[in-house]
Amino acid sequence: MAVTSDYVLPCGRDVEEVWEAIDLSDEHTRSCPHCGAVRESLLVLREATAEMVREEVEPPFDLVSRVMSAVRADVRRSDVVPLPGDGLARISTRAVAAVLRYAADGVDGVRARGCRVVEAPESTGMDPVIEVELSIAITAGQVTHQAYDEVRRRVLAAASARIGVRLARLDLVVSDVLEG
Amino acid sequence: MSVAEAAALDDATLVARSRDGDVRAYEQLVRRYQGPMYRLALRIVGSTGDAEDAVQDVFLTAWRRLGQLNDDAAFIGWLYRTTTNQCLNVLRKRKPHADTELDEHESPAPRTRPDRAVEVSAQLDALQAALRGLTPEQRACWVLREVHGRSYDEIAEAIGTTQQSVRGRLARARAQLAEVMAPWR
Amino acid sequence: MIETVVSAPAVAAVAVHAAEQVAGVRVQPGVAGLVGSVVRAARQQIKGLQPAPVEGVRVRWSGTAAVLEVDVVISGQDQAAAVARAVQRSVRALVPELTGVAVESVLVTIVDVAW
């Protein structure tokens with residue numbers, strides 16, 4: 001396949017054709033001075049290339065340790081959630097948890113205890129999704145089932161309005177009951 | 001997992017474990033591929049300082065992006081493409097008279113094995129000089145194909161173009177290099 | 001003002017200044033103990049800016065362009081995602097303007113939310 005016409009030799013062949021036939025012995029190449037010269041140059045190029053392939057230039061001895069320091073210092077993937085966009089903004093799960101706990105605290109008789117935030121399997125950089133397990137303490141007598149609905153609404157709203165991520169799953173766990 | 005055990009593990013396993021946050025597994029990956037990536041970078045950007053920066057950057061980015069990788073076996077191809085991309089960006093940003101910047105970035109001469117230190121031939125020197133005469137894309141195509149044996153498909157993806165265009169650039173690169181190497185016939 | 005060679009601490013100081021232009025934003029190292037700065041706090045006077053300590057900012061180089069990472073704490077009512085974008089825009093604008101250094105990318109990590 002003649003790939004390029006930029007390097008056509010006076011005899012009509014192009015350099016790439018000579019390259020493809022470099023180890024064959026054909027009539028034209030043996031008699032044509034142009035092809036012969038190009039073939040010689042290509043043989044030298046091939047030899048020099050083989051040298052380059054064998055060349056054992058090594059990276060600096062401390063490259064691995066520098067990379068690994070940065071890797072270890074980097075916040076673990078499980079500790080951050082992407083914020084929607086080009087992949088260059090993210091928020092720590094700890095910060096997300098703080099926001100969601102605060103939202104739940106807004107409901108009378110409810111006090112947020114623990115909040116576990118993980119990135120959902122279906123989460124992407126363009127559309128980040130989280131799953132949350134929120135444990136709450138409730139004050140006996142003060143809290144009806146409507147309160148739980150209210151907590152859900154507020155937590156969902158906070159995920160969207162305060163953070164900017166989608167909440168796919170919210171498990172509410174009543175971990176304590178306080179005297180009313 | 002001891003270092004010895006980890007060293008025997010295949011790439012896909014190391015990638016999978018790294019994805020789960022296994023830092024020691026990732027270190028093995030870095031050790032395994034720092035050589036090829038550094039050599040690739042060095043041949044494209046031509047300066048040891050820039051090559052080091054590029055490779056460090058790629059390995060840190062790779063760690064962060066592991067979560068987005070669908071196929072563990074695709075990691076190495078991804079490394080090649082990202083390193084190439086990074087190097088092309090470096091070249092595109094270089095100002096025309098970049099000599100002073102190169103000096104500031106320069107590390108001590110690249111390490112080769114001591115017994116080979118004196119053997120770098122004039123021919124190889126000429127090839128390295130000839131490569132600098134190619135455009136960044138031509139150089140990347142040629143190095144990826146002729147030195148690192150990557151497929152046309154992979155090269156096309158790395159450069160962000162078609163296989164047809166890769167073949168064209170390769171042909172032009174080869175013709176130009178051959179012309180420069182001619183005096184060594 | 002464009003210097004021939006702009007050091008990492010200078011770029012970092014401007015990045016901090018830019019980030020803190022956004023309402024409610026304070027630059028701070030990550031809660032996981034991430035040490036943001038590549039170069040220790042070196043004081044730089046740039047266009048009359050008060051020098052800022054550079055923990056919380058990491059500067060790396062891609063050719064002549066800076067690759068930046070900024071760790072911030074946010075407060076106030078604004079949506080975290082929007083604040084992160086605002087920080088990126090601010091840094092992308094001010095770093096080249098005040099140092100002449102091009103910015104390749106800015107990774108923003110919100111490490112905490114305060115009230």
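The legends below describe close-up views of a predicted model.

**View 1. The largest nonpolar core and its contribution from chain C.** This core holds 63 residues, and Ala15(C), Ala19(C) and Val70(C) touch the most other members. Helix H1 of chain C, residues 8–20, gives the most to the core, with nine residues.

**View 2. Contacts of Ala15(C).** Apart from neighbours within four places in sequence, Ala15(C) is in contact with Val57(C), Leu68(C), Val70(C), Val91(C) and Val95(C). Ala15(C) and Val70(C) are also among the residues that touch the most other members of the largest nonpolar core.

View 3. A separate core of 58 residues includes Leu29(B), Leu60(B), Ala140(B) and Val143(B).

**View 4. The contact between chain A and chain B.** Here 37 residues of chain A are in contact with 45 residues of chain B. On the side of chain A that touches chain B, helix H1 (15–20), helix H3 (33–54) and helix H4 (63–73) of chain A each supply at least two residues. H3(A) gives the most to this side, with twelve residues. By class, the side of chain A that touches chain B has 20 nonpolar, 13 charged and four polar residues.

**View 5. Packing of helices H9 and H10 of chain B.** Helix H9 (residues 152–159) and helix H10 (residues 163–181) of chain B pack with their axes 8 Å apart, at an angle of about 95 degrees. H9(B) and H10(B) are therefore roughly perpendicular to each other. From H9(B), Tyr152(B), Asp153(B), Ile155(B), Ala156(B) and Ile159(B) meet Gln163(B), Val166(B) and Arg167(B) of H10(B). The residues of this contact comprise five nonpolar, two charged and one polar.

Notes
Residues numbered from 1 in each chain as written. Chains lettered and ligands numbered in written order. Predicted model: local features only at pLDDT ≥ 70, side-chain atom pairs only at ≥ 80, totals over all residues. Core = buried A, V, L, I, M, F, W, Y, C linked by C-beta atoms within 7 Å. Buried ≥ 20, exposed ≤ 12 C-beta atoms within 10 Å, placed from the backbone. Helix = DSSP H or I, 4+ residues; strand = E, 2+ residues; numbered from the N terminus. Contact = placed C-beta atoms within 7 Å. Nonpolar A, V, L, I, M, F, W, Y, C, P; charged D, E, K, R; others polar. Axes fitted to C-alpha atoms, helices over the stretch in contact; angles between N-to-C directions. Parallel < 35°, antiparallel > 145°, perpendicular 65-115°, else oblique.
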